[in-house]
Amino acid sequence: MKKLLKPKIILIFIFLLTICLNSCTSKDLIRFYSKKSKQFGFMDSKGNIKVTPKYSELTEMSEGYAFFKVEPTEKWGVLDKKGNIICQDMFSEIVKFYDIDNKIPVFSEGLAAIKKNEKWGFTDTKCNIVIEPKFTDVRNFSERLAVAAEQEEKNMVLLINQVNM
């Protein structure tokens with residue numbers, strides 16, 4: 001009985017080690033919260049701070065970009081993986097969509113859903129409004145198409161493309 005237990009423990013250990021090594025060698029930045037500053041930032045997989053924690057809210061990196069909020073404006077901006085601010089205080093709200101891995105990609109196919117003046121539209125990674133905010137509801141792009149609603153009735157939806165129909 002004891003002889004069978006050791007190989008099982010060794011296999012479980014190898015399995016867990018493999019998972020850890022795969023996740024620890026990721027080139028993605030890891031969002032973290034600093035208890036000292038009570039703000040969010042990014043670090044690499046080795047624990048080196050890459051983006052100083054100075055944001056009241058910060059999304060995960062998506063296609064090399066993340067949305068951030070700085071109090072007191074409570075509006076969203078965009079920064080790149082080096083921490084360079086692309087734009088700030090531009091959007092009242094953003095949409096976070098779950099993908100199959102339960103990650104929250106904000107940018108999808110280079111575009112992100114944003115809210116301005118109570119309407120939804122899309123911005124690119126440089127904060128250019130690509131599709132004007134005129135929709136009451138939107139979903140992220142997939143295969144160059146997105147679902148959007150122009151009225152409050154959710155049963156009437158449109159398919160829009162990346163050049164706005």
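Before we set off, a word on the model. This is a predicted model, in which local features need pLDDT of at least 70 and side-chain atom pairs count only at pLDDT 80 or more, while totals for chains, interfaces and linings use all residues. Residues are numbered from 1 along each chain as its sequence is written, and side-chain values use heavy atoms, with hydrogens and water left out.

Let's begin with the whole chain. The chain has one helix and 14 strands; helices (H or I, at least four residues) and strands (E, at least two) are DSSP runs, numbered from the N terminus. Of the 165 residues, 35% are buried. Here, buried means under 20% relative accessible area, exposed means over 50%, and partly exposed lies in between, using a 1.4 Å probe and protein chains only. The chain exposes about 11,100 Å², and carbon and sulfur atoms supply 56% of that area. Accessible areas come from the Shrake-Rupley method with a 1.4 Å probe, and for residues only the protein chains shown count as cover. Among the contacts in the chain with a separation of 6 or more, 27% are between residues 24 or more positions apart; a contact means heavy atoms within 4.5 Å.

Now back to β1. Three strands form an open sheet in the order β1-β2-β3, with antiparallel pairing; two strands pair if DSSP finds at least two bridges between them. β1 and β3 (49–55) stand at the edges with a single partner strand each, so one side of each is left without a neighbour in the sheet. On average, neighbouring strands of this sheet are turned by 25 degrees against each other, direction ignored. For such angles, axes are lines fitted to C-alpha atoms (for helices over the stretch in contact), and angles run from 0 to 180 degrees between N-to-C directions.

β1 and strand β2 (residues 39–43) are joined in the antiparallel sense by five bridges, and phenylalanine 32 stands opposite glycine 41 in β2. Phenylalanine 32 counts as buried because its relative accessibility is 15%. Leaving aside neighbours within four places in sequence, the residues in contact with phenylalanine 32 include Phe40, Phe42, Met43, Ile49 and Val51. Phenylalanine 32 and valine 51 are 19 residues apart in sequence, and their C-alpha atoms are 9.8 Å apart in space.

Serine 34 is also in strand β1, which spans residues 30–34. Serine 34 has a relative accessible area of 15%, so this residue is buried. A polar atom of the side chain of serine 34 lies 3.2 Å from the backbone nitrogen of serine 37.

A second sheet comes next. Four strands form an open sheet in the order β8-β9-β10-β11, and the pairing is antiparallel. Its edges are β8 (93–94) and β11 (129–135), each with a single partner strand, so one side of each is left without a neighbour in the sheet. Let's cross the sheet strand by strand. β8 and β9 run antiparallel and are joined by two bridges; glutamate 93 stands opposite lysine 115 in β9. Strand β9 (residues 111–116) is mostly covered, with five of its six residues buried. Six bridges join β9 to β10, and isoleucine 114 has glycine 121 in β10 as its bridge partner. β9 and β10 form a hairpin with two residues between them, and asparagine 117 in the turn has a positive phi of about 50 degrees. Strand β10 (residues 119–124) then pairs with β11 over three bridges, where tryptophan 120 has phenylalanine 135 as its bridge partner.

Our last stop is a covalent link. A disulfide is a covalent bond between the sulfur atoms of two cysteines, counted here when the two sulfur atoms are within 2.5 Å. By this rule the count comes to one disulfide, which joins cysteine 87 to cysteine 127 with an S to S distance of 1.9 Å. The link is left-handed, with -65 degrees about the S-S bond. Cysteine 87 lies in strand β7 (residues 85–91) and cysteine 127 in the loop between β10 and β11, so the pair ties together parts that are 40 residues apart in sequence. Cysteine 87 counts as buried at 9% relative accessibility, and cysteine 127 is buried with a relative accessible area of 6%.

Methods:
Polar contact = N/O pair within 3.5 Å; in protein donor to acceptor, adjacent residues only side chain to side chain.
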